[in-house]
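Me: I have a structure to go through with you. Could you take my questions one at a time?

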Amino acid sequence: MTHPRQEPPETVEAPPTGEEIHLPGPTPVPALMALGIATALIGVTVNWALTILGGILALVCLVVWIRQVRRDVGELPLEH
């Protein structure tokens, strides 16, 4: 059975967008933060040195993450 060929519908241009979507770039900081928190929690039961190392890693990641977000927000246009 053959189907009649359908013509594509008329193309209608979309109206211009109201604002531009901003997406942050890829970064390993969230994964490293999770690793630091997990290491600190495991260190509570295993060894206090792991707790300190995990806490330091999580704290450093937190500072780096906040700086990245502040830089990204600072680059946005003033209309936002």
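Me: What should I know before reading the numbers?
Reply: This is a predicted model, in which local features need pLDDT of at least 70 and side-chain atom pairs count only at pLDDT 80 or more, whereas totals for chains, interfaces and linings use all residues. Residues are numbered from 1 along each chain as its sequence is written, and side-chain values use heavy atoms, with hydrogens and water left out.

Me: How many helices and strands are there in the protein?
Reply: The protein has two helices and zero strands. Helices (H or I, at least four residues) and strands (E, at least two) are DSSP runs, numbered from the N terminus.

Me: And what share of the residues counts as buried?
Reply: Of the 80 residues, 10% count as buried. Buried means under 20% relative accessible area, exposed over 50%, and partly exposed in between (1.4 Å probe, protein chains only).

Me: What span should helix 2 have?
Reply: Helix 2 covers residues 48-74, and its 27 residues should span 39 Å at 1.5 Å a residue. The expected span is 1.5 Å times one less than the number of residues. The end C-alpha atoms of helix 2 are 39 Å apart, which agrees.

Me: Which residues of helix 2 are buried, and what covers them?
Reply: G54, A58 and C61 are buried in helix 2. The cover over its buried residues includes helix 1 (29-45).

Me: How do the axes of helix 1 and helix 2 cross?
Reply: They come within 7 Å and cross at roughly 155 degrees. Axes are lines fitted to C-alpha atoms, for helices over the stretch in contact, and angles run from 0 to 180 degrees between N-to-C directions. The two helices are therefore roughly antiparallel to each other, a term for angles over 145 degrees.

Me: What is the make-up of that contact by class?
Reply: The contact of helix 1 with helix 2 has 16 nonpolar, seven polar and no charged residues. Ala, Val, Leu, Ile, Met, Phe, Trp, Tyr, Cys and Pro count as nonpolar, Asp, Glu, Lys and Arg as charged, and the others, Gly among them, as polar.

Me: Changing topic: is M33 buried or exposed?
Reply: M33 counts as buried, at 15% relative accessibility.

Me: Which residues does M33 touch?
Reply: Not counting residues up to four places away in sequence, M33 touches A58, C61 and L62; contact means heavy atoms within 4.5 Å. The C-alpha atoms of M33 and L62 are separated by 7.0 Å.

Me: And what of G55?
Reply: G55 is in helix 2 and is partly exposed, with a relative accessible area of 33%. G55 touches G36 and A40, not counting residues up to four places away in sequence.

Notes
Angles under 35 degrees count as roughly parallel, over 145 as roughly antiparallel, 65 to 115 as roughly perpendicular and the rest as oblique.
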